[in-house]
Amino acid sequence: MQFFNQISQKLLFVVGKGGVGRTTVATSLASYYAGQGESVLVVQWALKDSVSPIFSSPQCTHKETALPSGFKVMNYSAAEAIREYFVDHLKMRLLYSVIIENKHVQKLIHAAPGVQELFFLGRLFWLVELAQVERGYSYDRVIVDAPATGHAVSLFGIAPAIANFGITGPLAAECERVSKLLADSQKTGVIVVTLPEELPIEECYESIPRITKQLNRPPLAIFLNQSINSSFYANIDNIKNEDWFLNLEEKFKDNYSKQELKLILFALTKRNIFEKKLYDWSTIGENKDSPIPILPLPDIGLMHKVNTPFTVIESLAKYFATLT
Amino acid sequence: MVSSFPKLHVFLGAGGVGKTTLSASFALSLANSGKKVGLLSIDPAKRLQSALGVNNLSERGVLIPLANKGVGELRAAVLQIGESLSRWVEEKGLPTDKQEKLFENPYFSALAEKMASASDTLAAIRIAEWVEQYPDVEELVIDTAPGIHAIDFISKPEKIMAFLDGKLVEWLKWFVGGAQEKQSFFARALKTGARKVLDGLALVGGRSFLINFGEFLTMLDDVFLTAIVRLKYSQKWLQHSSTQIILVCSIRDDAVFVTKELGRILKSMGINPSLALINRAFPAHLKDEIAFQDFISKNEFLIESEKLLSNYLSSYIMTQQNIYNQLINYADLVIEIPISAGLDTEQELRLSDLSSLGDIIRTEAR
């Protein structure tokens with residue numbers, strides 16, 4: 001697959017159900033693009049930065065921080081983004097300190113749904129479109145380690161929803177330009193991450209049409225993390241019939257152990273069943289005419305006895321490089 | 001409102017670790033032991049719903065047919081905040097035209113449909129309402145949204161209350177002419193300050209935005225009053241000594257990361273989870289086989305697939321041990337729940353498998 005040559009979008013949202021490996025994919029993509037000489041930023045919105053620890057670096061904050069791996073990382077803070085918007089961007093320092101920092105307005109900001117989301121998108125817009133003009137630097141690629149799918153889908157709808165509130169003035173302009181950026185297929189793309197397991201796959205069936213509807217275009221691709229398909233691991237489906245496996249079972253003293261080993265082997269090999277289900281789904285119904293590309297990523301963990309998040313990222317970035 | 005609380009069990013954890021299944025199992029086991037149990041689930045999978053014998057769990061709650069008919073009962077519902085919100089409005093008996101106007105208000109539809117981030121917070125209102133709807137409930141089991149957002153369920157009631165109770169709401173209502181004019185000196189002094197803040201907000205977002213918002217707040221006034229009463233109840237309930245917080249984790253590094261974060265935040269709030277569950281743990285018998293021990297510690301392999309399985313199994317066990325060692329710092333007790341044929345194969349999920357899974361948790365936790 002000439003996959004990576006087709007991804008030209010500067011702003012990439014990496015979305016998916018919790019635990020499917022969004023951070024792993026976002027980070028290895030960043031590592032890959034950095035390796036190609038691009039200037040890359042990973043934007044997280046999490047209680048705790050989980051990218052920097054992979055590279056044994058201290059926790060980052062809202063401030064864009066360079067990692068030894070050649071790209072930058074930040075962890076969004078709504079309070080910081082709101083200050084940047086009013087003070088640095090709009091140059092409304094007085095309004096910020098009198099109105100926004102007013103304790104009652106602060107209560108509103110903390111409690112009202114949508115406020116933090118809007119300023120998150122606003123910051124992304126700034127990073128993609130305004131950093132060059134206002135600060136004299138720019139990124140070739142801004143990769144968003146997006147919140148879990150439900151939150152991510154509502155994130156895409158938040159600006160039109162807020163625009164609908166009858167807003168005028170600077171906030172309306174903010175909503176409009178953010179919506180425009182998300183709607184621009186040349187600038188913004190979505191990558192859905194999933195696992196070859198029951199719930200993550202089912203969630204794809206449900207979330208991908210929602211993303212497609214919200215953005216008026218399908219995601220760029222589905223990245224299928226931890227695949228063990230035959231192109232990566234040739235004989236895995238046949239293990240239960242192999243001599244070494246049968247010999248191992250013979251040596252067990254407890255009959256339960258045999259069943260347990262079979263169960264655990266099945267828990268592993270059923271990934272291939274779910275991978276096939278995802279392929280089937282991507283080529284039927286409304287997907288028939290233009291199936292969303294699926295990119296299986298090898299389960300790096302099976303290659304070695306001991307793996308660290310760092311070695312997994314390195315291996316995936318190398319794998320991406322082979323697809324160019 | 002009743003003064004004593006039913007027992008609350010809150011399941012928290014990363015996505016895909018099995019919170020929904022485990023919480024349903026736990027609730028089922030409680031009901032089979034004779035308790036009147038409520039179960040609030042988030043997005044239960046089809047397989048689980050059919051195991052419970054219902055095809056479409058409602059937002060209001062349906063009784064689950066139990067295998068052993070006794071005094072116990074299980075009423076299960078799915079959390080759908082949009083539907084709850086509409087009901088909270090309807091129960092106020094607003095005139096139809098006002099109600100329609102409210103449902104059309106952009107804030108209302110945004111709150112009801114667009115903003116997933118509100119659902120964790122509103123769930124706290126839903127659980128208090130549950131006790132009003134079903135006053136004889138003895139135990140309420142809650143499955144929360146995946147990941148750290150679920151913490152909003154516990155932490156945000158205060159933030160929402162701070163806002164609903166706050167002055168800005170008063171000001172906004174006054175701004176759109178909805179509030180009673182208070183003629184005291186203090187009220188007038190307050191309004192001078194209010195005017196400044198409102199003018200400032202109008203500068204940023206325009207006047208009509210504030211009017212829409214003010215109208216929304218005015219119309220929801222009664223709903224908010226009830227919401228505040230319910231939130232206060234839930235807040236006490238969540239902090240009550242009988243409330244049990246259960247962290248759920250599976251054998252995945254990212255799941256541990258989320259679980260530890262949850263544990264850390266809970267600790268900082270003075271809440272101590274009583275239980276952590278490691279789901280899909282390594283089965284019990286296999287681990288003790290000498291031949292198996294040899295197999296996973298082997299380093300030289302002639303056959304590729306043999307090496308893969310050995311790597312897979314040894315990292316499974318190592319990861320689990322590692323997770324156990326970490327979780328023990330965040331919960332009073334850590335229970336490993338082994339993968340089982342009934343739950344982890346392609347077979348149809350049976351009610352009895354679920355119930356016995358719940359029994360394991362309850363027995364071990366005793």
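Guide: Happy to. Helices (H or I, at least four residues) and strands (E, at least two) are DSSP runs, numbered from the N terminus. Axes are lines fitted to C-alpha atoms, for helices over the stretch in contact, with angles from 0 to 180 degrees between N-to-C directions. Two residues are in contact if their C-beta atoms, placed from the backbone, lie within 7 Å.

This is a predicted model, in which local features need pLDDT of at least 70 and side-chain atom pairs count only at pLDDT 80 or more, while totals for chains, interfaces and linings use all residues. Residues are numbered from 1 along each chain as its sequence is written, and chains are lettered from A and ligands numbered from 1 in the order in which they are written.

Now the sheet. Strands pair if DSSP finds at least two bridges between them. In chain A, 8 strands make an open sheet with mixed pairing, ordered β3-β4-β2-β5-β1-β6-β7-β8. Its edges are β3 (65–66) and β8 (294–298) of chain A, each of which pairs on one side only. Within the sheet, β6 (188–194) and β7 (221–227) of chain A pair in the parallel sense over 4 bridges, and A:T194 has A:L224 of β7(A) as its bridge partner.

Helix α8 (198–215) of chain A lies across that β6 and β7 pair, at about 170° to β6(A). Helix α1 (22–35) of chain A also lies across β6 and β7, along with β1 (11–15), β2 (40–44) and β5 (141–145) of chain A, and runs at about 165° to β5(A).

Next, the partner chain. The contact takes 64 residues from chain A and 62 residues from chain B. On the side of chain A that touches chain B, the elements giving two or more residues include α8 and α10 (255–282) of chain A, and α10(A) gives the most, with 9 residues.

In chain B, helix α11 (221–239) has 19 residues and reaches 27 Å from its first C-alpha to its last, close to the 27 Å expected at 1.5 Å a residue (1.5 Å times one less than the number of residues). The axes of α6 (119–133) of chain B and α11(B) come within 8 Å and cross at roughly 85°. These two helices, α6(B) and α11(B), are therefore roughly perpendicular (65 to 115 degrees). Their contact involves residues including B:A124 and B:I125 of α6(B) and B:A227 and B:R230 of α11(B).

Technical notes. Parallel < 35°, antiparallel > 145°, perpendicular 65-115°, else oblique.
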